[in-house]
Amino acid sequence: DRTRKQLASQYKNLTSRLKEMHIPFIPSAAGLFTCIDLRSCLDEPTWEAEARLHRKLFDECKILLTPGADW
């Protein structure tokens, strides 16, 4: 029950931040994943640009995302 509450709290925090930043996302029905749309952050609409953004977010912010190309 504690884990469920922590997960719900983190999800609420994540989605409120995404809304504040006007980043589109698909609300999660269950699980640990939330699909977010970061196309506006790409310098060009390619898988390579997505890979660069993925690497930058990890290297500079320690944020680990699953790129769309990996779906």
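**Cysteines, backbone and surface**

Start with C61: its sulfur lies 11 Å from the closest cysteine sulfur, which belongs to C41, and that is too far for a bond. The cut-off for a disulfide is 2.5 Å between the sulfur atoms. Please keep in mind that this is a predicted model. C61 is partly exposed, at 45% relative accessible area.

How many disulfides does the count come to? By this rule, zero. C35 is in no disulfide either, and its nearest cysteine sulfur, that of C41, is 16 Å away. With a relative accessible area of 27%, C35 is partly exposed.

Now the backbone. Most residues other than glycine have a negative phi. H22 is not a glycine, yet its phi is positive, about 55°. Where is H22? H22 sits in the loop between α1, residues 2–20, and β1, residues 25–26. Is H22 buried or exposed? H22 counts as exposed, with 72% relative accessibility.

K62 also is not a glycine and has a positive phi, of about 60°. This residue is found in the segment after α2, which covers 47–61. K62 has a relative accessible area of 61%, so it is exposed.

Last, the surface. Which residues form a nonpolar patch there? They are L7, L32 and F33, and together they have about 370 Å² of accessible area. Of these, L32 is placed in the loop between β1 and β2, the latter being 35–36. L32 is exposed, at 70% relative accessible area.

Notes. Residues numbered from 1 in each chain as written. Predicted model: local features only at pLDDT ≥ 70, side-chain atom pairs only at ≥ 80, totals over all residues. Heavy atoms only, no water. Helix = DSSP H or I, 4+ residues; strand = E, 2+ residues; numbered from the N terminus. Buried < 20%, exposed > 50% of the residue type's maximum accessible area, 1.4 Å probe, protein only. Patch = residues over 30% accessible without salt bridge, like charges linked within 9 Å, V, L, I, M, F, W, Y side chains within 5 Å. Areas by Shrake-Rupley, 256 points an atom, 1.4 Å probe, with all protein chains shown as cover. Salt bridge = Lys/Arg side-chain N within 4 Å of Asp/Glu carboxyl O.
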